[in-house]
Amino acid sequence: MPAVRRRGARVLLLLRALLCAALGRCYNVDVGRPVVFQGPNGSFFGYSVLQHYHDSTRWVLVGAPKAESKYSTSVQSPGAVFKCRVHTNPDRRCTELDMGRGNSRGVLCGKTCKEDRDDEWMGVSLARQPKAGGSVLACAHRWKNIYYETEYILPHGFCNIIPPNLQSNGRKLLPCYEGPRLDPPKELVIMGAPGSYYWTGTVKVLNLTDNTYYKLNDDAVIARRYTYLVDLNSDGLSDLLVGAPMFSEIRDEGQVTVYINRGNGVLEEQLVLGGDSAYNAHFGESMAALGDIDDDGFPDVAIGAPKEDNHAGAVYIYHGDANGITPQYSMKLSGQRINPKLRMFGQSISGGVDMDSNGYPDMTVGAFLSDSVVLLRSRPVITVDISIFLPVSINITAPQCHDGLQPVNCLNVTACFRFSGKHVPGEIGLKKYALSETSKVDSPLLACLNYNLTADVAKKEKSQQPRVYFVTSGETAGQITDKLQLSYMQEKCEHYLAYVKLMERMGLRSNKGVAFHQDRANWRNRQPDAVIA
């Protein structure tokens, strides 16, 4: 009888496979090996966070807006921006960036400008041009012009453009505002000014090429802090996420509304996300595009809920997909579980940069009330291909086997497995493995696969007596549990013998042959069960 390779064996067989190193329903963000950077006590280290790279060096940049500055010791708590090298930094030490602002007080900054940098909150926001060699923008929204201090003080704000190499020869921007963004095509700085026009607020754009300011049409711009643009469905159009962290049904649970861009300026509301709708969670306080961390072709999104669990904080990860975004989060990162000392975990999030050179973008989360920042790395994703070979039919009038007592009908079942993955690391043991940050694919990847092979699932689901049994070690069983080791991109097959009980032996009469319907077989598992742990 010929063997056929088709989709499935739903009536006869159900095969479930699980990498023995996997962690239940976990996503591929590795919470078991967090990299935690610590800043000065009480500095709000982690209020803002930014992943940055220059050449082959990866940095985590951290805003600490209440820190003292070693470069401006005469200024009272101006705040600071710290750089934390990811590689070759076993002590996880962070150092303050020198932005070349000097140590003097009351410096004249123009014909009618005199600066007051006390408590200016440098590092309250960080932004980066999303390109290779991108510059960094660091802002202090409480910077003040005190030239007219006898009459009034002007809290204009200040920003500093830091070059890609993080040296001190940057460019100063005055005035500046909270919530800036650097856009690369025309070297634009987009700034929100919520205090303008008696707190009506506005948005201004600075063209760095010709040093000209533009005021955007307020009616055409959503000038809110809690918005984020990301192409969720990979159609080339930017979709919109709008956070409402103080949305309340009981108290400040928060929510995020997702709008899908249909083109021609049409934004269609798709759904509302709420995480776990936890009490006082402030879900939507921060949002970040993570890039495609699960290698499914669609960007993924992280949403922070920094006050959840009594200010311990949490971050929720959602899949992008062809329709926009999945309504149920794929993974919840609990600050309490990552490190019990974390407070306000999720106040700031940065993603989209491969920090450990394994081919997958990673994410960094700030927890400013504990002066901490956590780098969470993405693990490679394994795609498992499974095929089942079955005979098209068997002739029940001519038994093919003998069970020791009488002739019986039987068939051979073959299950074949193969796995692949992008940038998979060196080697995996049966339960766990050690992976260095510089691992390369220089040897075959070995993975242990646990699987269950279940006979006659349709009957079993209806609590009816099954017609098919496997033969193992001389005994019959309705299900086989087994494991095997696989080599990267190499198919391995396992062979089993199954007995078929005739219906007349089960108290029924039938003279028909038995056909095995095969409607589902070759499947690919891209879910957490197929993640290298």
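Modeller: Two strands are said to pair if DSSP finds at least two bridges between them, and strands themselves are DSSP runs of at least two residues, numbered from the N terminus. Keep in mind as we go that this is a predicted model. With that rule in hand, look at strand 21, which covers residues 255–263, and strand 22, which covers residues 266–273: they pair in the antiparallel sense over seven bridges. To find your place across this pairing, locate V256, which stands opposite L273 in strand 22. The hairpin that strand 21 and strand 22 form has two residues between the strands, and in this hairpin N264 takes a positive phi near 55°.

Now to the cysteine links. A disulfide is a covalent bond between the sulfur atoms of two cysteines. A search of the whole structure finds five disulfides, and three of them are described here, including the one that joins C84 to C94, with an S to S distance of 2.0 Å. The torsion about the S-S bond of C84 and C94 is about 110°, so this disulfide is right-handed. The pair links distant parts of the chain, since C84 lies in strand 6 (residues 80–85) and C94 in strand 7 (residues 94–96), ten residues apart. Both C84 and C94 are buried.

The disulfide of C109 and C113 has an S to S distance of 1.8 Å, and with -80° about the S-S bond this link is left-handed. Its two ends can be sorted by accessibility, where buried means under 20% relative accessible area and partly exposed means between that and 50%. C113 is buried because its relative accessible area is 12%, whereas C109 is partly exposed because its relative accessible area is 29%.

The disulfide of C416 and C493 has its sulfur atoms 2.0 Å apart, and with 110° about the S-S bond it is right-handed. It links distant parts of the chain, with C416 in strand 34 (residues 407–421) and C493 in strand 39 (residues 492–500), 77 residues apart. Here too the accessibility values settle the labels: C416 has a relative accessibility of 2%, so it counts as buried, while C493 has a relative accessibility of 29%, so it counts as partly exposed.

How values were computed. Residues numbered from 1 in each chain as written. Predicted model: local features only at pLDDT ≥ 70, side-chain atom pairs only at ≥ 80, totals over all residues. Heavy atoms only, no water. Disulfide = S-S within 2.5 Å. Helix = DSSP H or I, 4+ residues; strand = E, 2+ residues; numbered from the N terminus. Buried < 20%, exposed > 50% of the residue type's maximum accessible area, 1.4 Å probe, protein only.
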